[in-house]
Amino acid sequence: MIVLGCNGFSRISEFFAEHFGAVGSERHYVIGHDAGASLLVDGELVAAVEEERFNREKKTTDFPFNSVKWCLEHAGLQFSDIDLIAIPWDFSVELVDMVLSGIRSSPMESSAKLDLISRIEGLFSEVVSHEAILADFASRTGFTPDPDKVVFVPHHIAHATTGYYLAGMKDSAFLISDGRAEVCSSLMGEIRDGRIRVFDESTIGADYSIGLLFGAITRYLGFVPNSDEYKVMGLSGFAEPPVPNPFLEHIVQLHEDGRYSFCMPLDTDNSRNFDPLFEQYFGPVRDTLEYKARVAAAAQEMLNAVTSHQLRALEAKTDLNHLLFEGGVALNCLNNTPLFEGSRFDDMDVSFGASDTGIVIGAAAYAWINHPDNVGKEEKAAVPVTPYLGPEYDDSAIEEALREFGGRMEWRRLSDDEVVGEVAKLLTEKVVIGWFEGRIEHGPRALGHRSILANPNFPDIKDVINTRVKHREPFRPFAPIVLESDAPKVFEMGRKVRSPYMTFVFPVRPEFRDVLPGATHVDGTSRVQTITDQDTPRLAALLRQFTALTDVPCLLNTSFNVAGEPIVCSPADALNCFLGTGIDYLMLGNHLVTKVAPHPAA
């Protein structure tokens, strides 16, 4: 059975800009962001890629034409071969009627009520209804799907199934939290034998979304909401939260069953309605590290408290011992470690597709698991899943790209052993290296196939990369990669034994803080990626060789891009980034690339 997952809408960004003012810093307050596609063949995930990798528009909402096309081409398939198309949204007629009924009974003024009803009806009819989505698919691909072969999966159910599938389809409890889905922002439940049970009494509506509130704080501090929340997370390490914490004292209230609410509902039509409260409790916003860090620390403590409260309720509702945490809030890795350590669960997984990048995987997996032909079959046994699911480029494609860039660089092809040896030797110095190999990783984090590498032993290497390469704020930390076998020696891993997707933060052991100053945050922690020979054999070999030369057990790893741009996908993307920044060397497959110094003027 062949299942295509698909997320993205041709007109969603345009519609939200015109009717909801979602422009500028508000441009990511739309559904369908992180557009992409996935492909399951007989239950095996053979391909998945985000549309931004192709159209170079970060967090794009556009219909994923390029992603769909690549997935099918990669598998040697045509549209006529597809058995099911899975969409990770379900804006049914019944759901929209419920939303409109709620608006009609709300206390808002009649004119505002009529205006909002008109906009919601337009959004439904023009963009997100089942019929509109099918028409969009046909218009963009030229293939008209059979409506009976299209599965519309509720957004948070797609998130839950993403975690379930990528964790090996073991019975699990789940907590999903993000900005918003069709109507809610968070839900919890459990999955047994592929069947999902939602604990409805603990579901949180969008008007009390902790993800949207954190996004409102992100925008208040001068960043882009639903995009730059990780900056707030990084800033929080520069201050202690105020006592008492205004967010927990005045804004958030905790209730039974893991529910919570705010002192007033979020206005999802106006993300600034909490700004006066922020100013009341923290003073007028100031563009200083001290002010922003104090607000960020308070916000981080609030997020920890809310999700911990939810998890206590989930523990009481299930006897399962494995936890899945998915949704955009699960990317707050500073929250994930204490959340797990304070729980009774034996383990907690946060997948590489926890954000909306992964819902195409979850939707496809849901459609496959629940198809009558597959229910109860032994073929549903867990298949190991790698994050390296996107395009790769062979030597001929790499060399063609190199030739197209003419005399601006020099390059030579190395053997596999030479790659490891030469790059390890280069990394003993204070250099920055672009590392490009194999299939591009899926999700928002660079996991060693499209990475920038450096030696974390240099105290100022973070500043070098931030200023010369990434062009981003100086307070932003960088992550280390470490062999899974070495991780407990270097980091205080607690009950975790691995962190392959940079979704957990751990304290650096005191004896290694002077060894890894470039990858140790101001609060003494690191967002760790553990690697193995099985997952990333060449990167693991490089790290071993580097450690043998330096006695430094980690490499600094950050995404191969500059601020505001997607991670590089193709050789041409990598070369453009290399030539446009202060990256010193580029390892492009097996090709070591260096820049040609400009000739002095005559």
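What follows are my entries, in the order I looked things up.

I am working on a predicted model, where local features need pLDDT of at least 70, side-chain atom pairs count only at pLDDT 80 or more, and totals for chains, interfaces and linings use all residues. Residues are numbered from 1 along each chain as its sequence is written, and side-chain values use heavy atoms, with hydrogens and water left out.

**Second largest pocket.** I looked up its volume and got about 730 Å³. My pocket is an open set of points on a 1 Å grid over the protein atoms alone, with protein on both sides within 12 Å along at least five of seven lines; a lining residue has an atom within 4 Å of a point. Grid points are joined across faces, edges and corners, and a volume is the space filled by probe spheres set on the points.

Which residues lie nearest the centre of this pocket? I noted Leu 166, Val 385, Arg 498, Pro 500 and Tyr 501, out of 36 lining residues. Three elements, α7 (155–166), β13 (347–349) and β20 (529–531), each supply at least two residues of that lining. For element names I use DSSP runs numbered from the N terminus: helices are H or I with at least four residues, strands are E with at least two.

By class, I have 18 nonpolar, eleven polar and seven charged residues in the lining of this pocket. Here Ala, Val, Leu, Ile, Met, Phe, Trp, Tyr, Cys and Pro count as nonpolar, Asp, Glu, Lys and Arg as charged, and the others, Gly among them, as polar.

**Cavities.** How many cavities of 30 Å³ or more does the structure hold? I found four; a cavity is a set of points where a 1.4 Å probe fits but cannot get out. The largest cavity holds about 70 Å³ of space. Its lining is Cys 6, Asn 7, Gly 8, Phe 9, Phe 63, Ile 87, Ile 133, Asp 136 and Phe 137. Two or more of these residues come from each of β1 (2–7) and α6 (130–141), and α6 gives the most, with three.

Around it I listed Leu 331, Ser 351, Phe 352, His 442, Pro 444, Arg 445, Leu 447, Tyr 501 and Thr 503. That makes five nonpolar, three polar and one charged. Tyr 501 turns up here, and I already had Tyr 501 in the pocket lining.

**Leu 289.** This residue sits in helix α12 (residues 289–317).

**Backbone.** Most residues other than glycine have a negative phi, and most peptide bonds are trans. So I checked for exceptions. Val 243 and Pro 244 are joined by a cis peptide bond, with omega about -5°. Pro 244 is in the loop between α9 (229–235) and α10 (246–251).

Arg 56 has a positive phi, near 65°, and lies in the loop between α2 (52–55) and α3 (65–75). Its relative accessible area is 28%, so I logged Arg 56 as partly exposed. Met 169 also has a positive phi, near 55°, in the loop between α7 and β6 (172–177). Met 169 is buried, because its relative accessibility is 13%.

How values were computed
Buried means under 20% relative accessible area, exposed over 50%, partly exposed in between (1.4 Å probe, protein chains only).
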